[in-house]
Amino acid sequence: MVAVTDVPAAMVSNQFFDEFTSKVRVKPIPWEGYSRAGLITSDELHQLKDFQKQHTQLVDYSESDAPSLATYVPLLVSLIEKLSSVDALQYLLVVLDELAERDLGCVQALASDMDTVSHVLFRCMDKKDDYLGLKACKILTGVAVTSNVEVAFDRMFAYLEKSMRSELTSVVDVALQVVQSALRVPRARSILYGEAPGCLTQMVDVLKRTVGGRTGAGKGVVAVSQTQYEVVFCLWLLTFERHVAVTIDRKYDVVSTMVEIARSAVKEKVVRIIVATWMNMAQHSANVPGLLVARVPACLETLRVGRNFNDEDLKQMLTELTDTLAEHTGIMTSWDEYVNQLKSGKLEWSGWHRSEQFWKIHVAKMDENDHRIVRLLARVLMAPESSDTSVAVACHDLSQYVKYNPEGKKFVAKVGAKQRVMQLMTEGATAEVKYEALMCVQQIMLNAWRN
């Protein structure tokens with residue numbers, strides 16, 4: 001599998017974006033008019049013409065032999081700060097981006113005055129021009145990755161979140177690629193997960209919308225498989241951070257979505273990055289219940305038996321992950337499966353929940369380890385990320401606990417679950433939640449009357 005260090009610093013590949021860049025390069029800009037109007041000085045105009053001449057000549061050199069134009073970086077940054085014309089700003093960002101990609105000296109020149117550079121680039125993001133804002137993000141990311149300088153990733157992710165809401169799939173595609181590159185920096189991963197959850201939520205939403213359909217409409221339509229690959233690639237990078245790996249599925253419910261995608265994905269690279277993400281997650285025992293509940297082992301078996309992959313590394317990864325999860329599934333009882341579902345925080349209706357025999361046999365186990373199961377049910381009730389179905393099932397399971405354990409109502413009240421259930425009777429998000437909450441409260445009251 002590709003290492004994190006092999007992720008491109010800030011490479012963006014998008015046909016519509018590239019075609020637009022080619023048009024920007026040749027679009028006439030009235031630099032002399034700006035000089036006559038006093039928007040730029042005559043000296044700046046002279047330097048700019050000299051730069052353009054030398055920049056044009058770069059095509060005659062190989063990348064290793066090309067002369068450095070780093071001395072012109074302050075000029076370009078100054079012009080970006082002075083001018084407001086979108087056409088002029090687009091041109092200046094295009095040539096600045098090209099210099100940064102070709103010449104490490106130009107990147108170092110940008111990094112040496114990062115306060116000013118950040119200011120002018122974020123100013124471009126405020127211009128309400130998708131191309132301009134995304135090009136600014138790309139430059140900022142490239143400098144951050146290459147020079148290891150401090151960047152306001154939270155502000156950049158806030159901008160990219162808005163870009164991902166675009167109806168143009170090309171805009172969404174470029175935004176995702178910029179995030180991919182930014183997540184090469186460990187600090188960016190922590191910021192995206194901890195300080196810019198809106199951006200991550202939007203990324204996951206983009207991924208879920210690809211299941212069974214197109215990502216959107218408009219110019220530069222991007223293949224669904226490419227969008228899936230880009231989002232999951234970002235999730236893979238995030239799971240290198242332990243605190244992210246052990247909580248991301250509980251917060252964003254990504255494993256079940258990846259299972260659905262992996263089952264139908266045509267592109268091997270999509271399956272590969274999904275399996276790589278699961279392998280990162282499986283390194284932490286806290287994630288195993290969620291992987292089992294989402295039926296990852298069954299998905300892996302389908303991929304191993306039903307698909308003839310050309311990628312030998314992918315075949316090996318499928319085998320390794322299958323063996324890892326098999327250690328946890330070999331002797332699972334119905335109670336083990338129930339506990340795994342509960343640990344995952346994602347409860348679903350199944351035969352266990354409706355079986356009186358199940359509760360009669362296992363109710364005593366709910367009080368073991370300081371009422372661990374009851375505490376987990378209470379956590380599902382109170383967690384903001386819990387789905388409506390999970391909350392409804394948790395209410396039902398607590399009612400069964402109280403029904404078959406005469407002392408159960410005391411501990412339900414002690415952990416705060418009784419108060420929460422009573423609240424859900426009137427404030428539940430769905431009719432199902434309100435009904436199960438009502439049934440639970442009735443069982444608590446009936447238990448009290450019997451006692």
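Student: How many residues does helix α17 have, and what does α17 reach from its first C-alpha to its last?

Tutor: Helices are DSSP runs of H or I with at least four residues, strands are E runs of at least two, and both are numbered from the N terminus. The expected span of a helix is 1.5 Å times one less than its number of residues. Here α17 (residues 268–282) has 15 residues and reaches 21 Å from first C-alpha to last, close to the 21 Å expected at 1.5 Å a residue. Do keep in mind that this is a predicted model, where local features need pLDDT of at least 70 and side-chain atom pairs count only at pLDDT 80 or more, while totals for chains, interfaces and linings use all residues. Residues are numbered from 1 along each chain as its sequence is written, and side-chain values use heavy atoms, with hydrogens and water left out.

Student: Is α17 mostly covered or mostly uncovered, and which of its residues are buried?

Tutor: Buried means under 20% relative accessible area, exposed means over 50%, and partly exposed lies in between (1.4 Å probe, protein chains only). By that rule α17 is mostly covered, with twelve of its 15 residues buried. The buried ones include Val 270, Arg 272, Ile 274, Thr 277, Trp 278 and Asn 280.

Student: What covers the buried residues of α7?

Tutor: First, the general idea: an α-helix has 3.6 residues a turn, so residues three or four places apart point the same way. In α7 the buried residues include Val 117, Val 120, Leu 121 and Cys 124. Contact means heavy atoms within 4.5 Å. The cover over the buried residues of α7 includes α4 (73–82), α5 (86–102), α6 (104–111), α8 and α9 (153–163). Helix α7 itself (residues 114–125) has twelve residues and reaches 16 Å, close to the 16 Å expected.

Student: Which residues touch the most other members of the largest nonpolar core?

Tutor: In soluble globular proteins, nonpolar side chains tend to be buried together. A nonpolar core is a set of buried Ala, Val, Leu, Ile, Met, Phe, Trp, Tyr and Cys residues joined through side-chain atoms within 4.5 Å. The largest one has 123 residues, and Met 156, Phe 157, Leu 160 and Trp 278 touch the most other members. Leaving aside neighbours within four places in sequence, Leu 160 is in contact with Leu 134, Cys 137, Ala 175, Val 178 and Val 179. Apart from that core lies another, of 37 residues, among them Leu 347 and Val 380.

Student: How many aromatic pairs does the structure hold?

Tutor: Rings of Phe, Tyr and Trp (its six-membered ring) pair if their centres lie within 6.5 Å; planes under 30 degrees apart count as stacked, over 60 as edge-to-face and the rest as tilted. The structure holds 15 such pairs. In one of them, the rings of Phe 20 and Tyr 131 have centres 4.6 Å apart and planes at 45°, so this pair is tilted. Phe 20 lies in α1 (residues 15–26) and Tyr 131 in α8 (residues 130–147), so the pair ties together parts 111 residues apart in sequence. Phe 20 is partly exposed at 27% relative accessibility, whereas Tyr 131 is buried at 7%.

Student: How many disulfides does a search of the whole structure find?

Tutor: A disulfide is a pair of cysteine sulfur atoms within 2.5 Å. The search finds zero. Take Cys 199: its closest cysteine sulfur, in Cys 234, is 8.5 Å away, too far for a bond. Cys 199 is buried, at 0% relative accessibility, and Cys 234 is buried at 0% as well.

Student: Where does Asn 148 lie, and what is its phi?

Tutor: Asn 148 lies in the loop between α8 and α9. Its phi is near 55°, a positive value in a residue other than glycine. Asn 148 is exposed, with a relative accessible area of 69%.
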